[in-house]
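User: I am new to this structure and would like to learn how to read it. Could you take me through it feature by feature?

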Amino acid sequence: MSGSASGHYPAGDLRDQLAHLGRAVVQAGLVVGSGGNLSARAPGTDECWATAAGTWLDRLDRGSFVRIRISDGATLDNSGVAPSSELGLHLATYRVRPDVNAVVHLHPQSVLLLDAIAEPIRLVTTDHAFYLRRVATTPFVPPGRPEVGKLAAEACADGTNCVVLSRHGCSVVADSVELAHKRALYLEEAARLTYSALTLRVAPASLPTDWLDDPAATA
């Protein structure tokens, strides 16, 4: 499967795009070790590529992914490689959001720190408002359990694209790998700025989003 990308992002095979994203998010500190997992599908298909179990996101190549049928979760290749234990998170999201073609699950530190101290992430800048719109949070469920995917899918079914999985990580979705990458970066930036303001004993307000209803609105 392949997918389009802008001139600033790898084009062609979705696995190459996901590998690019993986290296970038590790370098940005949004995940460490073999934490997190990624997936992508070509628009309108019932198949996706998902990272294999135990893969390090900064060491991905085409062999690091498993081809999965979304409707029933069946593995569609004979590599013998098992998909991530969080595959259910990805599949549940694709099933409720036909517009989503990439799911990025990471463990961003500032996002998780704010969750741990029960502080919501504020959308401080126009970029945050434009790319994130809103951020939902799901209750804590131990990783790997089916409830993780069920709750995340319910949280994003209304069009929400950024979900904080309490004490666990985040699930960021988009219609392309590139846009999911941008949203993950802005989510962590919004969390970092929120925390910085709180250390100054200031509780920043989120930027209103009504201006985004203007078709000409840009970040």
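Analyst: We start with a definition: helices and strands here are DSSP runs, numbered from the N terminus. Gly149 has its place in one such run, helix α5. Keep in mind throughout that this is a predicted model.

User: How many helices and strands are there in the protein chain?

Analyst: The protein chain has 6 helices and 9 strands. Its radius of gyration is 17 Å, close to the 17 Å that the globule rule gives for 219 residues, so the chain is as compact as a globular protein of that length. The C-alpha trace spans about 55 × 40 × 30 Å along its principal axes.

User: What share of the residues of the protein chain counts as buried?

Analyst: A residue is called buried when its relative accessible area is under 20%. Of the 219 residues of the protein chain, 47% count as buried. The accessible surface of the chain comes to about 10000 Å², and 52% of that surface belongs to carbon and sulfur atoms. For contacts, take the pairs of residues at least 6 apart in sequence: 63% of these contacts join residues at least 24 apart.

User: Back to Gly149. Is Gly149 buried or exposed?

Analyst: Gly149 counts as buried because its relative accessibility is 3%, and buried means under 20%. Leaving aside neighbours within four places in sequence, Gly149 is in contact with Gly88, Leu89 and Ala92. Arg62 is 87 residues from Gly149 along the chain, and their C-alpha atoms are separated by 25 Å.

User: What do the buried residues of α3 pack against?

Analyst: The buried residues of α3 are Ser110, Val111, Leu112, Leu114 and Asp115. They pack against β7 (136-138), β8, β9 and α6 (177-199).

User: What follows α3?

Analyst: Ala118 follows α3, and its phi is positive, near 60°. This residue has that positive phi although it is not a glycine. Ala118 lies in the loop between α3 (109-116) and α4 (126-132). With a relative accessible area of 65%, Ala118 is exposed.

User: What is the phi of Arg167?

Analyst: Arg167 has a positive phi near 60° and is a residue other than glycine. Arg167 is found in the loop between β8 (162-165) and β9 (169-174). Its relative accessible area of 54% makes Arg167 exposed.

User: Now a loop residue again. Is Leu123 buried or exposed?

Analyst: Leu123 is buried, with a relative accessible area of 5%. Leu123 lies in the loop between α3 and α4. Leaving aside neighbours within four places in sequence, its contacts include His128, Ala129, Leu132, Val135, Ala205 and Leu207. The C-alpha atoms of Leu123 and Ala190 are separated by 5.8 Å, though the two are 67 residues apart along the chain.

User: Where is Asp58 found?

Analyst: Asp58 is found in the loop between β4 (47-51) and β5 (65-69). Asp58 is partly exposed, with a relative accessible area of 33%. Beyond its neighbours within four places in sequence, Asp58 is in contact with Gly22, Arg23 and Val26. Val32 is 26 residues from Asp58 along the chain, and their C-alpha atoms are separated by 9.1 Å.

User: Which residues line the largest cavity?

Analyst: The lining is made up of Thr138, Pro139, Phe140, Val141, Glu147, Val148, Leu151, Leu165, Ser166 and His168. By type, these divide into 6 nonpolar, 3 polar and 1 charged. Helix α5 (residues 146-156) gives the most to this lining, with 3 residues.

Key
Residues numbered from 1 in each chain as written. Predicted model: local features only at pLDDT ≥ 70, side-chain atom pairs only at ≥ 80, totals over all residues. Heavy atoms only, no water. 1 Å grid on protein atoms, 1.4 Å probe; cavity = no way out; pocket = protein on both sides within 12 Å on 5 of 7 lines; lining within 4 Å. Helix = DSSP H or I, 4+ residues; strand = E, 2+ residues; numbered from the N terminus. Nonpolar A, V, L, I, M, F, W, Y, C, P; charged D, E, K, R; others polar. Buried < 20%, exposed > 50% of the residue type's maximum accessible area, 1.4 Å probe, protein only. Contact = heavy atoms within 4.5 Å. Rg over C-alpha atoms; globule rule 2.2 N^0.38 Å. Areas by Shrake-Rupley, 256 points an atom, 1.4 Å probe, with all protein chains shown as cover.
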